[in-house]
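Open the model in your viewer and keep the sequence panel beside it.

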Amino acid sequence: MADERRPEDFQADDWSVIVSRIQANDASAMEDLYGIFARGIRYFILRNLGPDELDDRVHDCFILVTQAIQNGELRDPARLMGYVRTVVKRYIANTIESTVQLRRAHVDYEDNLFCLSDWKEDPERAVMTRQRAEIARKVMEGISTRDREILRRFYVEEQAPEQICGEMGLSFNQFRLLKSRAKKRFGTLGQRVAKGLGRKI
Amino acid sequence: MTSHPSDDHLELYTLRRLSRPENEALEDHLLVCDPCRTRSVEAADFATAMRDALKTEPAQMESRWFGWLRINFALAAAFAGLVLAITLYWTTGNTRLAPVATLQLTAMRGSDVATAAPAGELDITLTDAGDASKAEIVGSGGTAVWSGVRTSPIVVRKPLRPGDYLLRAYLPSGQLLHEYAFRIKK
């Protein structure tokens, strides 16, 4: 029977049990493992490699993990989460490297295949990214120059909150409140835009 | 139960500003926690949108104290810059090349391509290169035009011709971490 606990509630012993069951070729254990990690693996692959071939890539990672477990490569079953994360990261890095090599081969062969559009997302996603930036600009129209400077230091110059608070003369709570209000306004405007467009941003 | 990260922590993660151990711990959690993944997507949407929008805003010189002093320093710095520019103009004899251009690159899919004017030196800041230790720039023909240690910013002390380029950032292991596209304007 499938384990119905939330994955984030699993403890170290739970991982050991799942690993043992997979090593014993228990098919339901494979299902449990997939149920626990598939969405997380999907999230990281989507974030790093985009939507192309997503299901196949999630499946590839899952196979790598289960094969490694069955081959005894996982030394400490309690560290299953970290192992899965490592497998996914290596898979992402290898995929990027393969793509770069492929591009390099094309570029060396024909100069006119070099195209910046290779690095852009699909058009709908690009539109949504631009819409979000426009919403952010609208958020800032309602913010004072000083508060915009505080946000610019954090989001663009990547200054630490402590530095910003020290130099701009505000408390950490004031800083957090400023960001929180901007984020709330962003969400409100985003929902209005989505409602108008009939979709979720 | 693994503790859920705060909104601030998630935001720093989406901006790639956590340390490696913090990153790994958070990613272990995100692997298995649906609600936190949803929160991280919301955090990323907001943080990257704000960053994009704020990039187009000029920096403001803000201070609660001695604002007049800052203005005087600003004027003095502007004058010094003008003198330097004139000196460079006469010494280099190149009326079309600025001394320094700057770029800020982010490996974010869907971003507009960053552009810079031709200059004698190009300073490139990578906003999300994390642990990258080496960088390489290749031109549109695939030929490497520059390589070196990844500093912050990366300083390319040679003019790049107008055209499209790729900057590749590598980890100490030699693995490619990110690629960034940019353009030198005509």
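Select the sheet of chain B: 3 strands in the order E1-E3-E6 make an open sheet with mixed pairing (strands pair if DSSP finds at least two bridges between them; strands, E, of at least two residues and helices, H or I, of at least four are DSSP runs, numbered from the N terminus). Its edge strands, E1 (98-105) and E6 (154-156) of chain B, each pair on one side only. Neighbouring strands are turned by 20° against each other on average, direction ignored.

This is a predicted model, in which local features need pLDDT of at least 70 and side-chain atom pairs count only at pLDDT 80 or more, while totals for chains, interfaces and linings use all residues. Residues are numbered from 1 along each chain as its sequence is written, with chains lettered from A and ligands numbered from 1 in the order in which they are written.

Next, select E1(B) with E3 (residues 119-126) of chain B: the two pair in the parallel sense over 7 bridges. Ala98(B) stands opposite Ala119(B) in E3(B).

Move to Arg85(A), in helix H4 (residues 80-109) of chain A. Is Arg85(A) buried or exposed? Arg85(A) is buried, because 23 other C-beta atoms lie within 10 Å (buried means 20 or more, exposed 12 or fewer, partly exposed in between, with C-beta atoms placed from the backbone). Leaving aside neighbours within four places in sequence, Arg85(A) is in contact with Glu24(B), Glu27(B), Asp28(B) and Leu31(B) (contact: C-beta atoms, placed from the backbone, within 7 Å). Phe44(A) is 41 residues from Arg85(A) in sequence and 9.1 Å away in space, C-alpha to C-alpha.

Key:
Contact = placed C-beta atoms within 7 Å. Axes fitted to C-alpha atoms, helices over the stretch in contact; angles between N-to-C directions.
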